[in-house]
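Please take a look at the sequence and the model shown here before reading on.

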Amino acid sequence: MNLDHSYEEHCASRDLVPPPQLAEFMQSEIAPSLSSILYGPNTSAPGTRSLSSAMALLDDSAHQPPANLLPLAQIDELSIACVICDSASDPGMPGAGQVIRWHLAAIPATAQGALIDTDPVSYLSSLGEELDDREKALPMLRDIATRYQEQYVAHGRLPRGWVERPVQLACQNVIIGLSAFAHDAAFDGLRVPAFLTCEVPHLATHEGNRALCALMLCDAYQNGGTMEIRFGTRHRSRTIPPALKRYARTHGILLGSEDPCAILPAESRELFLASTPMPDELWARAVDLMDRGLLTPERICHTLLTPIWSAIELDYILAVSSRAASILAGGSSAELRRTRLVEQEVARAALMAGMLYRRVSIADRSHNATVATVHEDTRTNVNWSIDQDRGYILFSGLDRALLPWLDREHAQPVIDLGSGLAVIPRALPTPVDWTLARSLQHGAAAIASALLVPKDVAASVPADIAVLICPDRLAEIDIEVERRMQRARTSRS
């Protein structure tokens, strides 16, 4: 496949310099095996794709691509992998040498041009490994799924952790990930016989890898092992899946540096954090607690992904409580009554804040009988920030017409939400909380504020303070708090 001169010609006509290692790769024995997806200059052989056709697809895409993109390979029917080339006359362009995914259809601009690998040779080499691995892994996964169906599903039995359990990940009826997990007592870690993913047009770049990786790491944590993950069977090891290594490289994580067939515990923790979405403020608080040795990365990630506590609930717990580590581990012993009551009050407030956020982050138009409510398409851009010293949450982006739970009987209405709404979640509010609400509402930098309280506590709040009434009573909130504490206590074997 002598294509290096044609690549150089193509780039020279655009004042670009192709990555030097690309021409060398095209001479390797891997290149011919990728002919069905690789865009080669001036190729006309059956089953191959030409560089000129790829450039035509880019020119016709919904978003105008940068001029320094060189198409490499087809990712799916609506996206192309492109390498960012450096400028010949003005070298040092940002991102030169990286491989990005360019979507041909109209997608949000923020998702366009996402990083798919750090350099073209690593990317193309991993594709060759992945195609070869797929042919060997699919029959094995079918056998595991058949055996699991016969031995467990057909009899309504639940497997133990050491049993090989097939995993299928799908989105909108499209399978994007296949794997199998089993705890291996021989090294006290997770054994993964196979790990297969793919990119699809309607999902973000590497979303299949991220999601299946998160499931795998959650399983490793739940089974109580060391977080070490080995690939292959007990009798035959396999190298770390190329798609997983590719995903890790985009986060600056190098897998397999010490063992090409295993992800070591330290690497697992880095990968767990990279695979767990977190808002910036929550990330900063989590990192601070991890640096001080109060929380482990796997505990935080598992709590969010399970989810035992949602992002806003966890953010509130970490922000306002010095007992956050104990709460995430399931709470103090019942004998420590005072400590347990303090933790329970924080958990109650976090739970109500989470309920409110889920409610305001979806524009509920169900009152309009002529329009079917589709919640996944009606999310609003509501953000939050937590004042850790005074324990309130500042919501921004709220729609006044959709603000729920507002008690109309209280004389101080929430009128202007232009600067946001300061919500003070309290299961058992005190005069100190009433003073805080008044100081926020009438202070120098006046902010609309409201107390968020359980349904059966609202009557105790003074009439001049705006109140958001949670639909649950205090006893019902306590039941849910205890359920989550129990889940936290039993989440790890």
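The model is predicted, and local features are taken only where pLDDT is at least 70, side-chain atom pairs only at pLDDT 80 or more, while totals for chains, interfaces and linings use all residues. Residues are numbered from 1 along each chain as its sequence is written, and side-chain values use heavy atoms, with hydrogens and water left out.

## The sheet of β15 to β19

Helices (H or I, at least four residues) and strands (E, at least two) are DSSP runs numbered from the N terminus, and two strands pair if DSSP finds at least two bridges between them. By these terms, an open sheet is formed by five strands in the order β15-β16-β17-β18-β19, with mixed pairing. At its edges stand β15 (383-387) and β19, each of which pairs on one side only. From one strand to the next the twist averages 30°, where axes are lines fitted to C-alpha atoms, for helices over the stretch in contact, and angles run from 0 to 180 degrees between N-to-C directions.

Strand β18 (residues 448-453) is largely enclosed by the rest of the structure, because six of its six residues are buried; buried means under 20% relative accessible area, exposed over 50% and partly exposed in between, with a 1.4 Å probe and protein chains only. In a regular strand the side chains alternate between the two faces of the sheet. In β18 both faces are covered, with Ala 448, Ala 450 and Leu 452 buried on one side and Ser 449, Leu 451 and Val 453 buried on the other.

Strand β17 (residues 421-425) pairs with β18 in the parallel sense over five bridges. Within this pairing, Leu 421 stands opposite Ala 448 in β18, and Ala 422 has Ser 449 as its bridge partner in β18. Strand β19 (residues 467-469) runs parallel to β18 and is joined to it by three bridges, and the bridge partner of Leu 452 in β19 is Leu 468.

Helix α10 (residues 311-320) lies across β15, β16 (392-396) and β17 and runs at about 15° to β15, whereas helix α13 (residues 431-442) lies across β16, β17 and β18 and runs at about 155° to β18.

## The sheet of β4, β5, β7 and β8

Another open sheet has four strands in the order β4-β5-β7-β8, with antiparallel pairing. Because β4 (69-76) and β8 (114-117) stand at the edges with a single partner strand each, one side of each is left without a neighbour in the sheet. The twist here averages 40° from one strand to the next. Three bridges hold the antiparallel pairing of strand β7 (residues 99-103) with β8, and in β8 the bridge partner of Val 99 is Asp 117. Helix α3 (residues 51-59) packs on this sheet, where it touches β4, β5 (79-84) and β7, and its direction makes about 85° with that of β4.

## Helices α6 and α7

Helix α6 (residues 242-249) packs against helix α7 (residues 265-275) at an angle of about 75°, with the axes 11 Å apart. That makes α6 roughly perpendicular to α7, since angles of 65 to 115 degrees count as roughly perpendicular, those under 35 as roughly parallel, those over 145 as roughly antiparallel and the rest as oblique. Leu 244, Tyr 247 and Ala 248 of α6 make the contact with Leu 271, Ala 274 and Ser 275 of α7.

## Salt bridges

The structure holds 29 salt bridges, each defined as a side-chain nitrogen of Lys or Arg within 4 Å of a carboxyl oxygen of Asp or Glu. Three of them are listed here.

| Salt bridge | N to O distance |
|---|---|
| Asp 132 with Lys 136 | 3.4 Å |
| Arg 230 with Glu 228 | 2.8 Å |
| Asp 387 with Arg 390 | 3.4 Å |

Asp 132 and Lys 136 are separated by about one helical turn, because they are four residues apart in helix α4 (residues 120-153). Asp 132 is partly exposed, with a relative accessible area of 40%, and Lys 136 is partly exposed at 47%. Arg 230 counts as partly exposed at 30% relative accessibility, whereas Glu 228 counts as buried at 12%. Likewise, Asp 387 counts as buried at 19% relative accessibility, while Arg 390 counts as partly exposed at 41%. Salt bridges also link Glu 313, Arg 358, Glu 480, Arg 483 and Arg 484 in a network.

Terms used:
Contact = heavy atoms within 4.5 Å.
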